[in-house]
Amino acid sequence: MYPQSFTIMYMDNSRSSFRQLQVIDSHTEGEPTRVVIAGGPDLGSGDLEGRLERLREQDDSLRKRVIFEPRGSEVIVGALLCEPVDPAHAAGVIFFNDVGYLGMCGHGTIGLVTTLAYLGRISPGKHAIETPVGIVQTELHADGSVSVQNIPSYRYRDAVAVDVPGYGNFVGDIAWSGNWFFLIGEHSYDLHVEDRAELVRVTTAIRSALTECGITGADGALIDHVELFSKPVDPSNSSRNFVLCPGASFDRSPCGTGTSAKMACMYAGGILEPGVTWRQEGILGTVFVGSIEVEAKSANAMSTQSQAVIPTIAGRAWITAESTLLFDPSDPFQEGIAI
Ligand code: PYC
C-alpha cells in the first residue's frame, strides 16, 4: 500500500489537469446510447447541421474519446447534448459512432429522451429535439416508453440489383430516413443472433459492392446502412431485421431509422397504409412499434420525394450508468484505441 500522503499528492497534482466528460449510458431495446451531458466542446450557435460540421472539422477527438476503447466500444452510439436553437425545443443532439456521424438515430433519440427524463429535465409529454437532419417530435409516455416522429422518409429507388463478389446477386430498395439504407427482403440467411458474424460479413460485402458499383443515395450520398428482413420469430410481429450500421457493428435494436426506411418503402410499394401498425422485431427479438402518416401532396407532385411519409417508432430505453470519463494528459491513448 502507498502511504496515504503519497496518494493524496498524486491525486492533487494530476486531477485538475484531467479533461472530464460526463455521460449517461442507456440501452434502447438492447442497443446502447451514451449521452454526453457536460464537458463537450463549445460549437457556437446556429443549426445542428452546422454544429455537426464544426465538431467533425474541429473536435473529432470528442467522438473518439467517447466511443473508442478503453472507455467505449464500436457498439455504442454517442449523442452530444446541445442547446437547441429554438428555446421551446427540449434539446439539440449530434449522434456519432466509431466511424463518423449519423444524421438521425431512432434508438439514440429514445435513449436521449429517457436520459433527459432521468435527469429531471423533462416530464411525460411532447418534446421536440433538433438533429442535424431536422426536428423530430418525441413523446415520453407515462409508462416510460418513448415515441419518435422521424423526419420525412422516402424510398429513393426500388429493386436495385447489385452483384456481390463471393456472395452473388442481391436486389434491394434504397431509402432515406435520416440515414441511407439498402433494404433486402429476398435472401437465404436466417436472422438469428448466433449467426451475427456471418450476417456482418455478408452485409459488409453488400455495402462495399454498392460503393464500388457507384450505387448511392440522392446526390451521390454513401449508403452506409444495410438491412436484411425475414419473417418474425414471434408471429405477433410484422417482420424481423438485421441492420449493419456504419462501420462493423450491427444494431442490437430493431433500428429506428431502419424501421422508418422499411415503412417508407412499403408505403411506396403500396403495401403499408397510413395509420396501420408495423411491429419491427430486431435481432434480439425486441420490437419497435411503428406507423406512418402522409402529408397532403399537391395533385401534380410526382417526384420520388412526393412519396415521403412521416414515420413514428416507439420503444423503451433503460439507464445503465452515470459516469465521468477521465482523460489524463499524459495518457498516450487519451483519444482511445481504434483497432
Ligand atoms: O436506431 O436509427 C437507429 C440507429 C441507427 C444506427 C444505430 N441505430
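Before we start, one definition: two strands pair if DSSP finds at least two bridges between them. Strands themselves are DSSP runs of E with at least two residues, helices are runs of H or I with at least four, and both are numbered from the N terminus.

Thanks for coming, everyone. What you have on screen is a predicted model, in which local features need pLDDT of at least 70 and side-chain atom pairs count only at pLDDT 80 or more, while totals for chains, interfaces and linings use all residues. Residues are numbered from 1 along each chain as its sequence is written, and side-chain values use heavy atoms, with hydrogens and water left out.

Let's begin with the hairpins. Strand 7, residues 134–140, and strand 8, residues 146–149, pair in the antiparallel sense over four bridges. Five residues sit between these two strands in their hairpin, and there glycine 144 has a positive phi near 95 degrees. Look at glutamine 137 next: its bridge partner in strand 8 is glutamine 149. Glutamine 137 of strand 7 also stands opposite alanine 128.

That takes us across to strand 6. Seven antiparallel bridges pair strand 6 with strand 7, and this hairpin has two residues between its strands. Glycine 125 is found opposite leucine 140 of strand 7. How much of strand 6 is buried? Six of the seven residues in strand 6, which spans 125–131, are buried, and by buried I mean under 20% relative accessible area, with exposed being over 50% and partly exposed in between, using a 1.4 Å probe and protein chains only. Strand 6 has a parallel neighbour as well: strand 4, residues 91–96, is joined to strand 6 by two bridges. In one of the pairs, glycine 92 has glutamate 130 of strand 6 as its bridge partner.

Now for the ligand. Which residues are around it? They are Cys105, Gly106, His107, His225, Cys245, Asp251, Cys255, Gly256 and Thr257, where near means that a heavy atom of the residue lies within 4 Å. Helix 4 (106–118) and helix 6 (256–268) each give at least two residues to this shell.

For polar contacts, we count pairs of N or O atoms within 3.5 Å; within protein, one atom must be able to donate a hydrogen and the other to accept it, and residues adjacent in sequence count only if both atoms are side-chain atoms. From glycine 106, a backbone N or O atom lies 2.8 Å from an oxygen atom of the ligand. Glycine 256 also uses a backbone N or O atom, 2.7 Å from an oxygen atom of the ligand. Aspartate 251 brings a polar side-chain atom 2.8 Å from a nitrogen atom of the ligand. On its own the ligand has 240 Å² of accessible area, and the protein covers 99% of that; these areas come from the Shrake-Rupley method with a 1.4 Å probe, and for residues only the protein chains shown count as cover.

Is asparagine 179 buried or exposed? Asparagine 179 counts as buried because its relative accessibility is 5%. The side chains of asparagine 179 and threonine 257 make a polar contact of 3.2 Å. A polar atom of the asparagine 179 side chain also lies 2.8 Å from the backbone oxygen of methionine 104.

Let me finish with some backbone details. Most residues other than glycine have a negative phi, and most peptide bonds are trans. Glutamate 29, though, has a positive phi near 50 degrees. You will find glutamate 29 in the loop between strand 1 (19–28) and strand 2 (31–38), and glutamate 29 is buried because its relative accessible area is 11%. Aspartate 219 likewise has a positive phi, near 55 degrees, and sits in the loop between helix 5 (196–212) and strand 12 (225–230). At 83% relative accessibility, aspartate 219 counts as exposed.

And where is the cis peptide bond? A cis bond joins glutamate 69 and proline 70, with omega about 5 degrees. Proline 70 belongs to the loop between helix 3 (61–67) and strand 3 (77–82).

That's my tour; over to you!
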